[in-house]
Amino acid sequence: MKTAKEYEQSLRELNLEVYMFGERLDNVVDNPIIRPSMNAVAKTYEMAWKPEYEDIMTATSHLTGKKINRFTHIHQSTEDLLKKTKMGRLMGSHTGCCFQRCVGTDSLNALSMTTLAIDNVHGTLYNKRFIEYLKFIQEEDLTCDGAMTDPKGDRSLPPHKQADPDLYLRVIEEKTDGIIVRGAKAHQTGAVNSHEIIVMPTIALKAEDRDYAVSFALPSDAEGIRYIMGRQSCDLRKAEGGNLDQGNLFFGGHEALVIFDDVFVPWERIFMYKEYEFAGHLVERFASYHRQSYACKAGVGDVLIGAAQTIAEYNGAEKASHIKDKIIEMNHLNETLYCGSIACAAEGHEEPSGTYLVNTLLANVCKQNVTRFPYEISRLAQDIAGGLMVTLPSEKDFRSPEIGKWMEKYFKGKADIPTEDRLRILRLIENITLGTAAVGYLTESMHGAGSPQAQRIMISRLVNLNEKKKLAQKLCGIHKED
Ligand code: SF4
Ligand code: FE
């Protein structure tokens, strides 16, 4: 396993083509706006070395028998699935943001099943290739970007009917030693903190779209791959050089648009090639795992609830019955999020490849809750925090020799609490509910791993309504069989 330092060093050795604010970055790792997101991924390496978290953060490779970081593990039991949920919550609670590495884990696990399913029908050797690739990932302890979401263009049209055929990533040329692909993947979480990019189709595909049915893995700095960093609300605060206004002083997340500008992929890195009927198989498995992964939000919720309780105490309001009740409600919602992730893991099952898959219905219910509850938890946190969270002047004003004293005096809460501490906790709540971390805690909760409607479609497909009707009809004498 890599240490956090080794991980950081390994990123320095990559030659990524990253753009931000219209310019190419020559140092990605030390860029102040990107750095907190690198710190969050580095934490997944650091935590794996701590004896107290060893059981959750590490696993034994089913391929080599070696101890590996759980983020590179293929789930071998429901126990493994449960530990993955616990790892997500633990990491969310230690970083207060999206720590990005789960997308790779979920891609690897999904591919471990889909490659075998394709081989069984087509006599291909994708699973063997994939296992070799997996050994490399585990051995080197790499972070992978699981790249699924295409730009999608006109949502009413399939890929081949788009005015611009590149709006879904596709194969444009076949060569003797590999293929050339063109397209883009949008909203890629943790892309520039990753060593590898694992590309998958974004929707189930039909025969006319066979050129879009492609899955492969490439080093993140492969020739022709370009990154354009997404902006986040309040992102420039990280570049201001202070240590208060950014709220979370250490960690953050990031998303990027990843462009594949006619990129070569060698055959040994390809896990699906035009077997269009398996695109949906891969998408559904990845989505189910990633919907489970949103236990991370319960971890961020832990931080937000802690912040809300802290500000209530700093304001001298913590004994008010309505404040106590709001904190209870926040906890209730947060634990309900956790319940969904635990439940789909506990009800997991073994697939033909030996990989354990979560219960898909419960994973979708889990994620459907995630599209709602963090918004309500945030609303309650903002209610408890009060308006100062958004009217607070800057750290520079607070540090100013001329005017800082007025902030010190008039932003005081309880007499024994330093004003600065009160400002710090307010900035953290702002960060999670309105600032850079709100990308992960709110909008990503809404759209990550599929927007709310995607889960509702899955729920409608997976529940057995006829069985439920029979149950009801039997009890009232309509349906007379046993
Ligand atoms: Fe992992 Fe959560 Fe970030 Fe998705 S949103 S990558 S599950 S931390
Ligand atoms: Fe996500």
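Helices α7 and α10 are oblique to each other, a label for angles that are not roughly parallel (under 35 degrees), roughly antiparallel (over 145) or roughly perpendicular (65 to 115). Their axes come within 8 Å and cross at roughly 50 degrees, with α7 spanning residues 279-293 and α10 residues 360-370. The crossing of α7 and α10 is left-handed, meaning that the near helix is turned anticlockwise from the far one by less than a right angle. On the α7 side the contact (heavy atoms within 4.5 Å) is made by S288, R291 and Q292, and on the α10 side by T360, A363, N364, C366 and K367. Sorted by class, these residues give 2 nonpolar, 4 polar and 2 charged. Here Ala, Val, Leu, Ile, Met, Phe, Trp, Tyr, Cys and Pro count as nonpolar, Asp, Glu, Lys and Arg as charged, and the others, Gly among them, as polar.

Some ground rules before going on. This is a predicted model, where local features need pLDDT of at least 70 and side-chain atom pairs count only at pLDDT 80 or more, while totals for chains, interfaces and linings use all residues. Residues are numbered from 1 along each chain as its sequence is written, chains are lettered from A and ligands numbered from 1 in the order in which they are written, and side-chain values use heavy atoms, with hydrogens and water left out. Helices (H or I, at least four residues) and strands (E, at least two) are DSSP runs numbered from the N terminus. Axes are lines fitted to C-alpha atoms, for helices over the stretch in contact, and angles run from 0 to 180 degrees between N-to-C directions.

The axes of α9 (residues 321-346) and α11 (residues 373-385) come within 10 Å and cross at roughly 160 degrees, which makes α9 roughly antiparallel to α11. This crossing, too, is left-handed. From α9, the contact takes in I323, K326, I327, E329, M330, L333, N334, T336 and L337; from α11, F373, P374, E376, I377, L380, A381, D383 and I384. The class count for α9 with α11 is 11 nonpolar, 2 polar and 4 charged residues.

Leaving out residues up to four places away in sequence, K297 touches N334, L337, V370, G440, Y441, E444 and S445.

Over at helix α1 (residues 4-12), the buried residues are Y7, E8, S10 and L11. They lie on the same side of α1, because they cover an arc of only 160 degrees around the axis, taken from the directions from the helix axis to the C-beta atoms. Part of what covers them is α2 (35-48).

Finally, a look at the backbone. Most residues other than glycine have a negative phi. K152 has a positive one, near 75 degrees, and belongs to the loop between β5 (144-147) and β6 (170-174); at 23% relative accessibility, K152 is partly exposed. A449 also has a positive phi, near 55 degrees. Its loop runs between α16 (436-447) and α17 (452-462), and A449 counts as buried at 16% relative accessibility.

Terms used. Buried < 20%, exposed > 50% of the residue type's maximum accessible area, 1.4 Å probe, protein only.
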